[in-house]
Amino acid sequence: MTSRAPVRLAASPRSAGVDDGTASTRPRDAVRASVDMNALALHLLCGTQRAALACTPFVGCGDSDAADGAATAAMRAAFSHVPGTGTVVIGEGEKDDAPMLYNGEQVGDGGAPDFDLAVDPLENTTACARDADGAITVVAAAPSGHLWGSSAAWYMDKLIVGRRARGVIDITRPLRENLERVARALDKPVRELHAVVLDKPRHGELVRSLYDFGVHVTLMPDGDVVGALHALLPDPDADLLLGIGGAPEGVITACAVRLLGGDMQAALEPQSDEERRRIREAGFQPGAPLTLDELVRSEECCFVATSVTPGRLLHGPEPTGEGWRTRTFLSTPLHPCLIVEAVHRHDEASTEPWEGDRA
């Protein structure tokens with residue numbers, strides 16, 4: 001981690017339903033109605049469940065694109081039943097050149113209320129193709145204008161900690177200093193810290209430094225949303241997540257951080273000259289810090305993630321005598337840490353609204 005200049009936000013907010021490459025920095029001038037995030041999360045839950053079920057024929061079959069396409073189609077169809085008007089402010093499709101819920105796309109029944117979405121119909125497609133730990137279908141939401149979003153940014157450096165280390169991290173400071181701050185907050189030596197890092201070539205120096213400091217490191221091939229949850233849950237098995245991952249995953253995770261009482265700082269970290277050019281043209285400064293309050297500007301938000309493959313946190317869909325059983329991690333202002341287990345009939349690969357599932 002190196003020193004960074006102060007963040008500079010884009011001058012004008014995005015228009016409703018139009019992706020102009022800038023972030024959503026303030027609420028719309030006239031939000032038609034307030035959003036009940038607890039109720040909205042149940043409707044979004046239908047979308048993540050349907051997307052996870054749509055992936056089941058492709059788990060372990062080596063075709064990540066087919067799984068991603070099936071998940072996207074199922075989620076889009078399910079979201080058409082959601083009450084209100086949701087606008088996708090950031091998603092994975094543009095970065096991965098994959099089937100997508102695209103930036104600026106509107107979902108829902110077209111009525112009130114208005115809300116923002118950050119979405120990944122299939123996070124960690126590689127894990128799905130290989131039947132490995134960590135594939136999920138995931139979405140986060142907040143009132144209109146309250147989620148950071150831009151199609152210009154694909155990659156983001158992240159520093160995430162749980163509740164006990166809230167308020168001590170500073171992404172502009174050196175790695176050693178942040179490790180010492182977190183260790184003090186957790187009342188343990190640095191050598192007993194446990195970090196989660198994506199196993200990518202770009203993190204070679206970071207991982208070597210963590211080893212030099214005596215930190216235990218869990219390397220995940222993909223999926224830093226799930227990686228962050230290991231540090232955020234009430235009984236964590238990690239102390240922090242750090243390193244460069246997807247920008248959409250960063251915004252999605254920020255909602256979980258808000259709801260679970262943790263802390264997060266981030267910075268746009270372009271991985272190509274083309275991405276760097278797009279970021280500057282959109283009015284941002286690569287490397288400038290983004291606080292949790294800038295990533296998600298409201299305590300009223302929600303986070304919903306349904307497991308696609310078996311993992312340490314959740315089991316993937318399992319066949320039952322009646323159909324399929326899914327497991328979802330759901331976080332709302334009313335229920336910050338809720339596991340929803342639901343049984344779906346064989347005919348529930350459809351996209352009917354969330355009513356018939358038995359939690």
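Student: Which residues have the most contacts inside the largest nonpolar core?
Tutor: Trp 148 and Phe 303, in a core of 49 residues. A nonpolar core is a set of buried Ala, Val, Leu, Ile, Met, Phe, Trp, Tyr and Cys residues joined through side-chain atoms within 4.5 Å; buried means under 20% relative accessible area (1.4 Å probe, protein chains only). Keep in mind that this is a predicted model, where local features need pLDDT of at least 70 and side-chain atom pairs count only at pLDDT 80 or more, while totals for chains, interfaces and linings use all residues. Residues are numbered from 1 along each chain as its sequence is written, and side-chain values use heavy atoms, leaving out hydrogens and water.
Student: And which helix gives the most to this core?
Tutor: Helix H8, residues 247-260, with nine residues. Helices here are DSSP runs of H or I with at least four residues, and strands are E runs of at least two, numbered from the N terminus.
Student: New topic: what's the strand order in the open sheet?
Tutor: S7-S6-S8-S5-S9-S10, with mixed pairing; two strands pair if DSSP finds at least two bridges between them. The edge strands are S7 (216-220) and S10 (289-291).
Student: How do S6 and S8 run, parallel or antiparallel?
Tutor: Parallel, joined by two bridges. In S8, Leu 241 is the bridge partner of Val 196.
Student: Okay, Glu 123: where does that sit?
Tutor: In strand S3, residues 114-123.

Definitions and conventions
Buried means under 20% relative accessible area, exposed over 50%, partly exposed in between (1.4 Å probe, protein chains only).
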